Amino acid sequence: MPPIPGSGLAKGLAVTLRTMTRKTVTEQYPDAQPELPPRTRGVIGLFEENCTVCMLCARECPDWCIYIDSHKETVPPAVEGGRERSRNVLDRFAIDFSLCMYCGICIEVCPFDALFWSPEFEYAETDIHELTHERDKLREWMWTVPSPPALDPAAEEPKELAAARKAADKLAAAQQPPAPAAPTEGES
Ligand code: SF4
Ligand code: SF4
């Protein structure tokens, strides 16, 4: 049976009308920022105070895109007569984001909580060399890392919090001025 003249046009118009009334799914980026999940893997931040230069992250990175340089420093003994200790001092920490595949292994394996995901993703460059972020830039990303989710009110207190509170209480007690001595008999 030959098609009815104009039926194709009618079908096309029906599709247009149907889609016009639906909610659009097109993102108008960069005019409108996308709504990202809070734990989005955008870029990696380094909290270098926590880094002990243990090299675990660099060793476990499947892409070998973490570069760390350090040197050893001798620390005087903590008590008189004790032994000198040596510690690693960080000289360079860089991540090449042109190689990184955002697997998150470095963040997972860091035993000292020195690496964090930030949801920032707008760091495209026209020169690929600029995608190697050195420690200062990695540190800047730290300030874009969202706070950890609130603890469940019914959960047991984490042992780190309990230990920190105990240490703070001990320090506060040590800084308290000594109580004035009670007056002895005969004193006016
Ligand atoms: S996210 Fe994965 S690929 Fe990227 S630096 Fe970390 S371990 Fe390497
Ligand atoms: S695993 Fe953590 S502490 Fe060890 S070198 Fe990497 S960032 Fe530093």
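This is a predicted model: local features need pLDDT of at least 70, side-chain atom pairs count only at pLDDT 80 or more; totals for chains, interfaces and linings use all residues.

Trainee: What makes a residue part of the shell around ligand 2?

Mentor: A residue counts as near a molecule if one of its heavy atoms lies within 4 Å of it. For ligand 2, 14 residues surround the molecule, and the closest are Cys 51, Cys 54, Met 55, Cys 57 and Cys 110.

Trainee: Which residues come nearest to ligand 1?

Mentor: Of the 13 residues around ligand 1, those are Cys 61, Cys 100, Cys 103, Gly 104 and Cys 106. By class, the shell around ligand 1 divides into 11 nonpolar, one polar and one charged.

Trainee: What of β3 and β5, and how many bridges join them?

Mentor: Two bridges join β3, residues 85–96, to β5, and the strands run antiparallel. The cut-off is at least two, so this pair also qualifies. Ile 95 stands opposite His 133 in β5, and the bridge partner of Asp 96 is Thr 132.

Trainee: Why are β2 and β5 said to stand at the edges of the sheet?

Mentor: The three strands form an open sheet in the order β2-β3-β5, with antiparallel pairing. β2 (66–75) and β5 (132–133) each have a single partner strand, so one side of each is left without a neighbour in the sheet. Helix α4, residues 135–142, lies across β3 and β5 and runs at about 80° to β3.

Trainee: What is known of the largest pocket and its lining?

Mentor: About 350 Å³ of space lies in the largest pocket. It is lined by 18 residues, and the closest to its centre are Arg 39, Phe 116, Val 145, Pro 146 and Pro 148. The elements that give two or more residues to the lining are α3 (105–109) and β4 (115–118), and the largest share, four residues, comes from β4. By class, the lining has 12 nonpolar, three polar and three charged residues. Arg counts as charged, so Arg 39 is one of the charged residues.

Trainee: What makes Val 53 worth noting in the backbone?

Mentor: Phi of Val 53 is near 55°, a positive value in a residue other than glycine. Val 53 lies in the loop between β1 and α2 (56–60).

Trainee: Which residues are joined by a cis peptide bond?

Mentor: Tyr 29 and Pro 30 are, with omega about 10°. Pro 30 is placed in the loop between α1 (7–20) and β1 (43–46).

Notes:
Residues are numbered from 1 along each chain as its sequence is written. Chains are lettered from A and ligands numbered from 1 in the order in which they are written. Side-chain values use heavy atoms; hydrogens and water are left out. Contact means heavy atoms within 4.5 Å. Axes are lines fitted to C-alpha atoms, for helices over the stretch in contact, and angles run from 0 to 180 degrees between N-to-C directions. On a 1 Å grid over the protein atoms alone, a cavity is a set of points where a 1.4 Å probe fits but cannot get out, and a pocket is an open set with protein on both sides within 12 Å along at least five of seven lines; lining residues have an atom within 4 Å of a point. Grid points are joined across faces, edges and corners, and a volume is the space filled by probe spheres set on the points.
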